[in-house]
Amino acid sequence: MVGGKRKFISADSEREYYSKAKAYKEGYLEIKDNPSHITLDEAITEYINSKRNVLSPGTIRTYLNYQRNRFKTLTKMRICDITPNIAQNAVNRESKSVSAKTVKDAWHFISTILGTYNVHIDVKLKAVASESK
């Protein structure tokens, strides 16, 4: 334990483990937390910040709007805790208050974020009627 925080170190041998532990204590080795233990809200913020220079201002506004207003129950959850059943229930709740297209667009954004953490969840979405011109 360093600084009151417990870090988990994995190694192939006991010798390697103690070597990594010593390097970490002395500040030569940084051990990052498991990225899937961050909340979806934090992941969205990281995603937007990482793409800020290549996305248009309108796209960033849309993504921030999704972060503030869509799937509020999911955004507070850790990514590793989101199951297909929880995601489907969130989609069903969103479908009651906004259009099918809004739900579809917001879910595809959330799905992209989850995919960057190797979490792939398929949900059923309402069909979006295509407008004929």
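Helices here are DSSP runs of H or I with at least four residues, strands are runs of E with at least two, and both are numbered from the N terminus. With that settled, N118 sits in the segment after α6.

Now the ground rules. This is a predicted model, where local features need pLDDT of at least 70 and side-chain atom pairs count only at pLDDT 80 or more, while totals for chains, interfaces and linings use all residues. Residues are numbered from 1 along each chain as its sequence is written, and side-chain values use heavy atoms, with hydrogens and water left out.

Confidence next. pLDDT is the predictor's confidence in each residue, from 0 to 100. The protein chain averages 83. In it, 80% of the residues score at least 70. The lowest confidence is in helix α1, residues 14-25, with a mean of 81. The highest is in α3, at 95. Keep one caution in mind: where pLDDT is low, the predicted coordinates should not be read in detail.

The overall layout is quick to describe. The protein chain has six helices and zero strands. Read from the N terminus, the order is α-α-α-α-α-α. The chain has 133 residues, and 29% of them count as buried. Buried means under 20% relative accessible area, exposed means over 50%, and partly exposed is in between, using a 1.4 Å probe and protein chains only. Contact means heavy atoms within 4.5 Å. Take the contacts in the protein chain with a separation of 6 or more: residues 24 or more positions apart account for 61% of them.

Let's go to helix packing. Two packed helices are described by the angle between their axes and the distance between the axes. Axes are lines fitted to C-alpha atoms, for helices over the stretch in contact, and angles run from 0 to 180 degrees between N-to-C directions. Under 35 degrees counts as roughly parallel, over 145 as roughly antiparallel, 65 to 115 as roughly perpendicular, and the rest as oblique.

Start with α2, residues 40-51, and α3, residues 57-69. Their angle is about 175°, and their axes are 11 Å apart. The two helices are therefore roughly antiparallel. On the α2 side, the residues are D41, I44, T45, Y47 and I48. They meet I60, Y63, L64 and Q67 in α3. By class, this contact has six nonpolar, two polar and one charged residues. Nonpolar here covers Ala, Val, Leu, Ile, Met, Phe, Trp, Tyr, Cys and Pro; charged covers Asp, Glu, Lys and Arg; the others, Gly among them, are polar.

How do α2 and α6 cross? At roughly 90°, with axes that come within 10 Å. That pair is therefore roughly perpendicular. From α2, the residues L40, A43, I44 and Y47 meet F109, I110, T112, I113, L114 and T116 in α6. The α2 contact with α6 has eight nonpolar, two polar and no charged residues.

Now the rings. Rings of Phe, Tyr and Trp (its six-membered ring) pair if their centres lie within 6.5 Å; planes under 30 degrees apart are stacked, over 60 edge-to-face, and the rest tilted. The whole structure has five aromatic pairs. Y47 and Y63 have ring centres 6.4 Å apart and planes at 55°, so this pair is tilted. Y47 is in helix α2 and Y63 in helix α3, 16 residues apart, and the pair links distant parts of the chain. Y47 is buried at 16% relative accessible area, and Y63 is buried at 17%.

Next, Y66 and F109. Their ring centres are 5.8 Å apart and their planes at 40°, so they are tilted too. Y66 lies in helix α3 and F109 in helix α6, residues 100-116, so the pair ties together parts 43 residues apart in sequence. Both Y66 and F109 are buried. Together, Y47, Y63, Y66 and F109 form one aromatic cluster.

I38 is in the loop between α1 and α2, and counts as buried at 17% relative accessibility. I38 and M77 are 39 residues apart in sequence, and their C-alpha atoms are 8.2 Å apart in space. Leaving out residues up to four places away in sequence, I38 touches A43, E46, M77, R78, I79 and Y117.

Last, backbone phi. Which value does F71 have? A positive phi of about 55°, although F71 is not a glycine. F71 is in the loop between α3 and α4, residues 72-75, and is buried at 1% relative accessible area. N118 is also not a glycine, and its phi is positive, near 60°. N118 counts as exposed, at 66% relative accessibility.
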